[in-house]
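Here's a quick walk through a single chain, one residue neighbourhood at a time. Have the viewer open and follow along.

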Amino acid sequence: MDDIITQLWSGLREAGLPEVMLYLPDNTASRCHWDDTAVIGNVRVAMLADQERKIVRLVPVEACTGIGIA
(Lines give C-alpha, C1' and ligand atoms only; values in the text may rest on other atoms or scores of the structure.)
Protein backbone atom coordinates (compact mmCIF):
# COMPACT_ATOMS: atom_id res chain seq x y z
CA MET A 1 0.00 0.00 0.00
CA ASP A 2 2.82 2.40 -0.73
CA ASP A 3 1.23 4.08 -3.73
CA ILE A 4 1.13 7.88 -3.92
CA ILE A 5 -2.67 8.25 -4.10
CA THR A 6 -3.17 6.25 -0.89
CA GLN A 7 -0.42 8.24 0.83
CA LEU A 8 -1.96 11.56 -0.20
CA TRP A 9 -5.44 10.46 0.80
CA SER A 10 -4.22 9.17 4.15
CA GLY A 11 -2.60 12.55 4.82
CA LEU A 12 -5.78 14.39 3.82
CA ARG A 13 -7.81 12.12 6.10
CA GLU A 14 -5.51 12.86 9.02
CA ALA A 15 -5.93 16.58 8.26
CA GLY A 16 -9.72 16.22 8.48
CA LEU A 17 -10.51 15.79 4.77
CA PRO A 18 -11.58 12.13 4.41
CA GLU A 19 -13.79 12.69 1.33
CA VAL A 20 -12.03 13.18 -2.02
CA MET A 21 -12.60 12.99 -5.73
CA LEU A 22 -10.83 10.03 -7.29
CA TYR A 23 -9.90 10.40 -10.93
CA LEU A 24 -10.30 6.98 -12.52
CA PRO A 25 -8.43 5.32 -15.40
CA ASP A 26 -11.56 5.51 -17.61
CA ASN A 27 -11.36 9.35 -17.50
CA THR A 28 -14.24 9.69 -15.04
CA ALA A 29 -14.19 10.91 -11.47
CA SER A 30 -16.04 9.71 -8.41
CA ARG A 31 -16.45 11.11 -4.91
CA CYS A 32 -15.38 8.70 -2.20
CA HIS A 33 -15.04 8.79 1.59
CA TRP A 34 -12.17 6.99 3.30
CA ASP A 35 -14.78 4.89 5.16
CA ASP A 36 -15.92 3.56 1.76
CA THR A 37 -12.59 1.84 1.18
CA ALA A 38 -11.29 -1.53 2.27
CA VAL A 39 -7.98 -3.34 2.23
CA ILE A 40 -8.13 -6.62 0.33
CA GLY A 41 -4.86 -8.49 0.70
CA ASN A 42 -2.45 -5.57 0.61
CA VAL A 43 -4.44 -3.44 -1.85
CA ARG A 44 -6.73 -0.60 -0.77
CA VAL A 45 -9.85 -0.53 -2.93
CA ALA A 46 -12.48 2.18 -3.20
CA MET A 47 -16.10 1.03 -3.28
CA LEU A 48 -17.78 3.29 -5.82
CA ALA A 49 -21.49 3.28 -6.62
CA ASP A 50 -22.25 2.98 -10.33
CA GLN A 51 -25.89 4.02 -10.52
CA GLU A 52 -26.08 3.54 -14.27
CA ARG A 53 -25.19 -0.15 -13.99
CA LYS A 54 -26.69 -0.56 -10.48
CA ILE A 55 -23.51 -2.06 -9.08
CA VAL A 56 -20.70 -1.16 -6.71
CA ARG A 57 -17.33 -0.97 -8.41
CA LEU A 58 -14.20 -2.03 -6.51
CA VAL A 59 -11.40 0.12 -7.87
CA PRO A 60 -7.83 -0.22 -6.58
CA VAL A 61 -6.86 3.21 -5.27
CA GLU A 62 -3.39 2.75 -6.76
CA ALA A 63 -5.01 2.53 -10.23
CA CYS A 64 -6.49 6.03 -9.87
CA THR A 65 -4.85 8.70 -11.99
CA GLY A 66 -5.37 11.55 -9.56
CA ILE A 67 -7.03 12.81 -6.41
CA GLY A 68 -8.85 16.03 -5.58
CA ILE A 69 -10.53 17.60 -2.58
CA ALA A 70 -14.31 17.22 -2.75
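Methionine 47 is partly exposed, with a relative accessible area of 36%; buried here means under 20% relative accessible area, exposed over 50%, and partly exposed in between, using a 1.4 Å probe and protein chains only. This is a predicted model, where local features need pLDDT of at least 70 and side-chain atom pairs count only at pLDDT 80 or more, while totals for chains, interfaces and linings use all residues. Residues are numbered from 1 along each chain as its sequence is written, and side-chain values use heavy atoms, with hydrogens and water left out.

You'll find methionine 47 in strand S4, residues 43-50. Helices (H or I, at least four residues) and strands (E, at least two) are DSSP runs, numbered from the N terminus. Setting aside neighbours within four places in sequence, methionine 47 is in contact with Cys32, Asp36, Thr37, Ala38, Val56, Arg57 and Leu58, where contact means heavy atoms within 4.5 Å.

Aspartate 36 is one of the contacts of methionine 47, and it lies in the loop between S2 and strand S3 (37-40). Its relative accessible area is 38%, so aspartate 36 counts as partly exposed. Not counting residues up to four places away in sequence, aspartate 36 touches Val45, Ala46 and Met47. For alanine 46, ten residues apart from aspartate 36 along the chain, the C-alpha separation is 6.2 Å.

Arginine 57, also on the methionine 47 list, has its place in strand S5. With a relative accessible area of 24%, arginine 57 is partly exposed. Beyond four places in sequence, arginine 57 touches Leu24, Asp26, Ala46, Met47, Leu48 and Asp50. Glycine 68 is eleven residues from arginine 57 in sequence, and 19 Å away in space, C-alpha to C-alpha.

## Leucine 22 and the cysteines

Now for a buried spot. Leucine 22 has its place in strand S1 and counts as buried at 0% relative accessibility. Leucine 48 is 26 residues from leucine 22 in sequence and 9.8 Å from it in space, C-alpha to C-alpha.

How many disulfides does a search of the whole structure find? The search finds zero, a disulfide being a pair of cysteine sulfur atoms within 2.5 Å. Cysteine 32 is in no disulfide, and the nearest cysteine sulfur, that of cysteine 64, is 8.5 Å away. Cysteine 64 is likewise in no disulfide, its nearest cysteine sulfur being that of cysteine 32 at 8.5 Å. Cysteine 32 is buried, with a relative accessible area of 2%, and cysteine 64 is buried at 8%.

## Positive phi in two loops

Most residues other than glycine have a negative phi. Asparagine 27 has a positive phi of about 65° although it is not a glycine. This asparagine 27 lies in the loop between strand S1 (19-23) and strand S2 (29-33), and is exposed, with a relative accessible area of 75%.

Lysine 54 isn't a glycine either, and has a positive phi of about 60°. The loop in question for lysine 54 runs between S4 and strand S5 (55-60). At 75% relative accessibility, lysine 54 counts as exposed.

## Zooming out to the whole chain

The secondary structure comes to one helix and six strands, and from the N terminus on the elements run α-β-β-β-β-β-β. Is the chain compact or extended by its radius of gyration? With 70 residues, a compact globule would have a radius of gyration near 11 Å, and the chain has 11 Å, which agrees; the radius is taken over C-alpha atoms, and the globule rule is 2.2 Å times the number of residues to the power 0.38. The C-alpha trace spans about 35 × 30 × 20 Å along its principal axes.

Buried residues make up 33% of the 70 residues. Of the contacts with a separation of 6 or more, 44% are accounted for by residues 24 or more positions apart.
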